[in-house]
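Dear colleague,

Please find the structure below, handed over for your own work.

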Amino acid sequence: MRSNLILAAVVAFVVLAAGSVILPDWAMFLFAMALAKGLVCLGIVGMMRGGVVSFGQGLYYCLGAYTATLVANSFGVSDIFVLTLLSSAVCLLVGMAFGPLLSSYRGIFFAMLSLALSMVLYGSLSKMSVIGGTDGLNIAAPTFLGWAPEGRTLQTALYIYVVAIVVIAGALMRIYFDSERGLITLATRDNELRVEYLGASVRNVMTYNYVFGAVLGGIGGTIAALALGHVDPEFAFWTTSGEFVFVAILAGYLSVPAVFVAAIILEMVRSFSNLYFPNTWQLALGIFLLIVIVVLPNGLGSLVNRRKGNAA
Amino acid sequence: MMKSKIGGALAATTLIAGMAGPAVAADDTFKIGVITFLSGQAAESFGVPAWNGGKLLVDMLNEGGKLPAPYDTKGFGGMNIEVVIVDEAGGATKQVQEFRNLVQREEVDAVVGYVSSGDCLAVPPVADELKAFTILYDCGTPRVFEDGSYEYVFRTAAHATMDNVSLARYLKSRNFDVPSFAGLNQDYAWGQDSWADFTGAMKQLYPDAEVKTALFPKFGAGQYGTEISALLREKPALVHSSNWGGDLQGFLIQATARGLHKRSQLALAAGDHVIPQLQNKMPDGIFLGARGVNGLAAHARGGELKELTDTMWDAYEAEYKTFPVQAPFRMWQALFGLKTAIEKAMADNGGKKPSSEELAAAMKGLSWDAPSGHIEMVLADGHQAIQPNAIGTTKWNAEAGKMELVDVEYYDARCVNPPEGMKSQDWLAQGFPGALCN
Amino acid sequence: MDLAATILVDGLIYAGWLFIVSVGLTLVFGVLNILNIAHGSLYAIGAYASASMVGAYFALGGEAYPYGSYVAMILAAVLVALVIGPLLERGLLRFFYGRDEVLNVLVTYAVFLILEDIMKLIWGVNPYFVYEPYTLLGDVEIGPLFYVGYDFAVIAAAIIVGLAVWLSLNKTRTGKVVLAVIHDSEMSQTMGVNVQRIYLAAFMAGTFLAALGGALTAPMISVTPGLGVNVVIVAFAVVIIGGLGSVPGAAIGALMVGISRAASVHLMPEAELFIIYFVMAIVLLFRPEGLFAKTQARKI
Amino acid sequence: MSKGVLEVRDLQKSFGAVTAAQDISVTVPEGGVYSLIGTNGAGKTTFVNMVTGYIKPDSGTINFGNRNIAGMAPRQITRMGIHRSFQIAQLCNELTVEENMLVADAIHGRSGPSFLRRAHSAEARERAIATLERFNIAEHRDRLVPELSGGVKKLLDIAMAMAGDTQIMLLDEPTSGVAADEKFPIMDLVMEALRSTGVTIIFVEHDMDIVTRYSERVLAFYDGRIIADDAPGEVLSDPEVQRYVTGAPA
């Protein structure tokens, strides 16, 4: 089985990396952004498997982005690997601080409390004129272990970097989902009482998923910031988090790759509806969301990865 | 093996993306991407009027001969003007993506846009990366060129420091007594910066004026009851606000209903654009600016630009049944600047459609006339414009049934803008060194 | 007048408004178990409708009886409830009953996006004003401060709405049924309650209350696009604090938020932005389900 | 006192006005089969819930393994070896029978559940299927829970509870929601499966035939008190029990 996973990962990497050749510049950038956001959504999917959905992943997306930007601007660090590590470390710590707190909330309360947390970050950043307030900050293009590409090369390098991280993160999460703890998470979504009476701690399960989500969010935010060259508090605004949730629902919790396909599809729809319906793109997007929710109640993943027995 | 299946799906999406081919602009058309607010709060106050003005001007230019010299030639240097318009709503992240799409997918020849300061900060690095000629036509924050420098990015409107410096100077020149003042500004960069600029300028001109309270209601709050109570209790001699759009209208309606304007002088840094909607609900005697000699102030100015101004003014009124406020004026000065630059570049390159490099070279340090006055790209090494400004006092003309601006004071560009090479905050802190006021 | 009193009055005025805009949200959640993000849009539509109605009223020579404009405002809200309520509930939401709460939040998020543009298509981007009703009731002078009579009318309206909702829930037969559904829809279904009709009624009531909130706010603001975005988040906070599905909870939540916000504006303006989330976080820390949440013990 | 003994002293519990347990004191030695009888609301399930941590007693002690487990969290009590089944079988409806078993196996698995070890590994599945076979429900392994009959659900519920090392097994109405003709076969199955492991069995039951057939000792509850505690014959012939519990002379 594991060999299959490795094979799949390699295939996924090749297919995605091929994009750096096939794709026009604008699309490569769009894909890079979509994949970065996909990482955040993968974190939400991890929580969805446990039965909760965070409406506040913008918190970590933003935290990661600002950590990278502030570090880059104040210490002149530009190496993408260092920045990614630093911001995921910060998000890990913050996640470990909030995780236990949130782990006892469910459903709409978990969603709203996580939303409140990210809105507080949004508010605080908006107030801090020193770091640009609502206007945000710019961050210089990253370097790769001393190599400082420019133009199309830079975009390609960034894109390949995202792809690599996506494939690694995706594979790791797949391993986790298939693991004993992964199954326990699914059981928790289903019947917490049973899990507790089997002697496992539901809060513990929830906390782990939350912390993983935090780290993935941080990585996604860092990459997004480096690709955009700009961060602002909007990263933590509820509509941003709302989009992440939408991608997660669109993907469903069954398949990991579906998350990234969903992210790319959303970016495409958004970008084109923007261009073709400048006055009614929200309408277009909203209708698209509804169609997806109606047509794919279990998400894209259900197309390719029907659970045993769920076929009915 | 679902991963590879998904991989297939992904490759498919990739193809779709690849197929969405751009419509390459021919040499006899000049394609501009215009980004401004078509939805959300800023649509009504800035985005839509700005583009109404822009559309009007583009049509007039494409027809040719509609405008007084030097703008009587057709299109941009004879080329037909084609426009791709994009909604600015959705935040800087989205705008950076849209910018790339405009340049790389739509292959526009130039981008004109951005009301939001956040977008104006986020886009320039990308513009330089893509070597895409870009005009920022509206946004206020001085940080764009004070914190960075860009090859292909130009701002054809003065930055926001001018607005509040002029306001303070207006108080002084009308020797209005300000023992104390307070502020109510939107809680985001625009409001925070405007308040900082205003207090900075006041510290110079009214050193011993006491700052009462600085209120920052949430952007789009709509309800100002509590804030107004606070202002009524504090009884400041003057209340400063840089609010715009619905927030300003809401504040004025609620403040006047509770007599705040009778108790304190209201001074609005960018208030002119709500006059067409509020009409006589806007009380008399309010000091207000228009972020430049725009709208009523421009109409009242006359001078050698009268013909140009009136042509645009009348065309706009005829088309949209209301008079143009600040936003269309700033769009006009951007498009006139772009026209001038293109034609200058073509004069240098022998009439070919200019490249981004040639455009940038031509735009650098350029100066041209617009309905809002003489625009000079003198700051930030020729990338940032300065322009004259005006502040006036509202007065409802009952018989004409329209709001007028009286006691208008005009300020030279160099009187209310910092000199080249000096950050506006330092300029304020040091008491306007090098300011040339008539 | 001393600061405490000012804070109290300002707080009450804001709380009154908050209650009207949030009570519909909590009612809809209680019955349909759907947290309706589009509530904000319904609020905005109510504002637009009321602006148009009042405008039309005065255009048709309503100056003679200006007070009629208040009737026009309420009619506007009723109209919105009658048109949009059934459209959304029958046409869309009913297909999502019993689905995951969070999925339903997304459904209404989509509705929110759609309505935002539809409003633009109907009313354009230019602002609407209905100033008259706001000044009609004159000023109220409290110590050195002027308040607009309308502000207190809003408080009164809030109290009336609160009583009306409470009475119709607890004193009418239908209301009791609604409460039963709120408590346990499966059970009430087995008891032969026509849950479908209850759902429709509840959603229309919720729509009416949202629209009423907008209708009452319209005279004191300029009705422009993007009006609903901020409202819904505030309303969320209020109903979360009070406990989803609890009408008295919404009242208490509104009071807590309203007064703490007023206090922060007067005492420490820089904290205003956070105060609402602060209150919410504190409450949820001690009452994870909100103040008045319905808690049913699980039978094992 | 040996480790497996459950020693309950003066348990009190009331919900508002309702007294669900008063002065409950009983000692359950290791091994053996005990049944709890009583009308609905007599306090049987409350007793089970307090012993397994679902309800915290107002006062009193529950000593097991030389610790007072009163008020401990269910999972802590479970880890100490006191497992339970439920009146309404508590299963994971989105998972198959085998996966339900795998969940139990993963939790009781060696060295705690792992982030890396595959839940569906061959060994794990062997263990799971072995347990399912012990309860004679292995043929349902690939079906989803909602497709199962009441009896199979009950058996799966118990089978899951038996994963890991169980010392005391509390069965809350093992035959409720089971077709009448299935009751005895199921009880036979359960009793055989459990006895072989030598766990102490405590089950709540309404059917007196089942009580007399399977239990060695009976605790009769009435109004939150234990009114009789003896061999089935004695308890069922006790007039008080006949009046308050069985209703008619046995």
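**Domains of chain B**

The domain assignment, automatic or taken from a database, divides chain B into domain 1 (26-159 + 305-386) and domain 2 (161-300 + 388-429). Please note that this is a predicted model, in which local features need pLDDT of at least 70 and side-chain atom pairs count only at pLDDT 80 or more, while totals for chains, interfaces and linings use all residues. Residues are numbered from 1 along each chain as its sequence is written, and chains are lettered from A and ligands numbered from 1 in the order in which they are written.

Taken over C-alpha atoms, the centres of the two domains of chain B are 27 Å apart. Between them, 29 residues of domain 1 are in contact with 27 residues of domain 2 (contact: C-beta atoms, placed from the backbone, within 7 Å). On the domain 1 side, H2, helix H13 (306-320), helix H14 (326-349) and strand S12 (373-379) of chain B each supply at least two residues; helices (H or I, at least four residues) and strands (E, at least two) are DSSP runs, numbered from the N terminus. That side of domain 1 consists of 14 nonpolar, 11 polar and 4 charged residues (nonpolar: Ala, Val, Leu, Ile, Met, Phe, Trp, Tyr, Cys and Pro; charged: Asp, Glu, Lys and Arg; polar: the others, Gly among them).

**Interfaces of chain B**

Towards chain A, 43 residues of chain B are in contact with 45 residues of chain A. H1(B) gives the largest share of this side of chain B, 13 residues. By class, the side of chain B touching chain A holds 18 nonpolar, 16 polar and 9 charged residues.

Towards chain C, 35 residues of chain B meet 34 residues of chain C in contacts. Helix H2 (41-63), strand S7 (210-215), helix H8 (225-234) and helix H9 (245-257) of chain B each contribute at least two residues to this side. The side of chain B that touches chain C comprises 11 nonpolar, 17 polar and 7 charged residues.

**Chain A**

Chain A has 13 helices and 2 strands. Along the principal axes, the C-alpha atoms of chain A fill a box of roughly 55 × 45 × 40 Å. Of the contacts in chain A with a separation of 6 or more, 81% join residues 24 or more positions apart.

Yours sincerely

Notes
Two residues are in contact if their C-beta atoms, placed from the backbone, lie within 7 Å.
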